[in-house]
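Subject: Structure handover

Hello,

Here is the structure I said I would pass on.

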Amino acid sequence: MKQTNINVTLHPNIWARLVLIITVPVYVTLLFWMLCNSTVPSSTSTVDHLLLAKSMASNSDSTIHGQSSRNKQHQQYEQLATQIANKWNITTPHGIALLTQQFYKPLSDFNPLADFLHFHHIAKTGGTTISDILNATLGTSGDAGGFGGGGIMPGSDRSGFFDQTKFHATILANGRQRSNITGSNGTNQGGLHYVASYGHTRLRPIHGPNRTNLAQFFEQYFQLLPRPKRLRSLAMLREPTNLRASTHAMAMCAINGRVNTFNWRREKKGLPRVCTPKEGLNISSLIDDHNAKALRKCGDVNGSAKQLNKLEQMVCNKGPSSIDYCRGASELLSSEAYQHMRSMYKSLMGRYFARQEMGVVNYISIENSVKRNDPGGFSMNEVVHWVEEYTLIDLGGLDVNIESSPYDGRKLLKGMSGGRPINTAPTKATAEPDFLWFGITERMHESTCLLFYALGVKPLPEIPRERVVNCSPTSWWNNEDRHIVREREQADYAIWRTANAMLDVRVWMMREEVIRKKENGEGWLSVEERDRLNAFVEAGCVG
């Protein structure tokens, strides 16, 4: 029988599979032994493993360190918030937590392409200065690195109400009727580049049954633009007694002008100026002089009677006693006229606390205002807590989705655990304008520094100062008068104290931010940004 030799030739793929079957278990076993055996001699695989382990440990340390740094930062914020809350007597149970959140809020998120600012100038708060700053930075002059190009809307008034007719007159005068402002393709044809407005006219609410006329005007105006705009608010506050004293002396009774004339006559005689009753100033005597002059003019129907001012008309029509509230602080506080000076800060946010409907602005006492929402009874301590908490949330910009209807702040409070940064992006079409910035009259320098910072511009070389008087309107108010206002206007004082606490936080943040950017950003800061930061230092904004 013939033997047949069979030559078996394996396919190359089969050889590759055999090699893998044989070598992979050996390699895995060897690798496992090398990883587990600490005495193994150095090799490439061992070195890679050690480097990987070191890298993992480093990353773990970095994560732990980062978390530790964040925890330490949050603890620092809480400690500062506690100190500030104690300084300004913030007593609401959530005060420290809400004040701590202020440290996470950006100081400057203004976008001139997407935002439109309205400064609600509450009379006698120093708002004329702020209007002038807005005009110098966002307006026609373009000074201090401003935007220029006529950014202030026509109709704005630095010391009066916003006048819509002036806006329309300006647009028509420039040939920008609606038909040629917006083209057929919806693009802007008229160069409506305005970014801000100002005046005594309040903006809020822009939604709901109490919507303001200004809100309706802006709704129509924004329809002319090629892209939507976000309405945002600017505001000024003043110490509540100082606000009332200035309103009484300047807006109601023109006392400051009479005091200036009185002192001018004294100086002509070589006598010093006087500003207080202790120094010899007698406001009541000045009112007597005014009334005598008015009575002489009353009967002259063909002459001076036609030139009677408001107070003189009151004297002629109702008698000299009709303006007795002008004789001094105590006379004002006991008069019917003071009832029009109650709750002066309700218009600031549109309400005092969350359970109120926004936009029901009236000059009634906080007690009567609260009874409308809580007829079952309340304590003033509770009311103060409500006002402080709402001011921290609304004026403080912690919730940019606040609506004009009664507001439930508990959702925000529940979301603040662990110091989580707040979300400052509006998500509701019915949200009210948030507050980009607010200032305080008694802290004008710090306030204007924060305004420049919020707008992203350099501080002006010189801050405009308007209506600064030689004798302060509070010069003839005594401690008892001030005490009466503090007791009556606890809601206004709660807003003012809380605003001061938030201002402390923002000033601290601005200083820290400027210093940090200057120290750490030398290599990546643009020349323009470096100049801007240096300008804040030179202006004394950093301390």
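This is a predicted model: local features need pLDDT of at least 70, side-chain atom pairs count only at pLDDT 80 or more; totals for chains, interfaces and linings use all residues.

Residues are numbered from 1 along each chain as its sequence is written, and side-chain values use heavy atoms, with hydrogens and water left out.

Overall

The protein has 20 helices and four strands. Helices (H or I, at least four residues) and strands (E, at least two) are DSSP runs, numbered from the N terminus. Of the 543 residues, 46% are buried; buried means under 20% relative accessible area, exposed over 50%, and partly exposed in between (1.4 Å probe, protein chains only). Among contacts with a separation of 6 or more, 71% join residues 24 or more positions apart, a contact being heavy atoms within 4.5 Å.

Cavities and a pocket

On a 1 Å grid over the protein atoms alone, a cavity is a set of points where a 1.4 Å probe fits but cannot get out, and a pocket is an open set with protein on both sides within 12 Å along at least five of seven lines; lining residues have an atom within 4 Å of a point. Grid points are joined across faces, edges and corners, and a volume is the space filled by probe spheres set on the points.

There are two cavities of 30 Å³ or more. The largest holds about 100 Å³, and its lining includes Q102, W437, L450 and R506. Strand β4 (434-440) and helices α17 (444-455) and α19 each give two or more residues to that lining. By class it has seven nonpolar, one polar and two charged residues. Here Ala, Val, Leu, Ile, Met, Phe, Trp, Tyr, Cys and Pro count as nonpolar, Asp, Glu, Lys and Arg as charged, and the others, Gly among them, as polar.

The second largest cavity has a volume of about 70 Å³. Among the residues lining it are H118, H120, R204 and F435. Its largest share, three residues, comes from β3.

The second largest pocket has a volume of about 430 Å³. It is lined by 19 residues, with I206, H207, K229, L231 and A429 nearest its centre. Helix α7 gives the largest share of this lining, four residues. The classes are 11 nonpolar, one polar and seven charged.

Helix α18

In α18 (residues 479-488), D481, R482 and V485 are buried. They lie on the same side of the helix because they cover an arc of only 100° around the axis, taken from the directions from the helix axis to the C-beta atoms. These buried residues pack against α8 (240-252), α12 (329-333) and α19 (490-520). On the other side of α18, N479 and E480 are exposed. At the start of the helix, a side-chain oxygen of N478 comes to within 3.1 Å of the backbone nitrogen of E480.

Backbone details

The peptide bond from R204 to P205 is cis, with omega near -10°. P205 sits in the loop between β2 (196-199) and α7. Two residues other than glycine can be noted for a positive phi: N89, near 55°, and K124, near 70°. N89 is in the loop between α2 (44-87) and α3 (95-101), and K124 is in the loop between β1 and α4 (127-138). N89 is partly exposed, with a relative accessible area of 46%.

Regards

How values were computed: A polar contact is a pair of N or O atoms within 3.5 Å; within protein, one must be able to donate a hydrogen and the other to accept it, and residues adjacent in sequence count only if both atoms are side-chain atoms.
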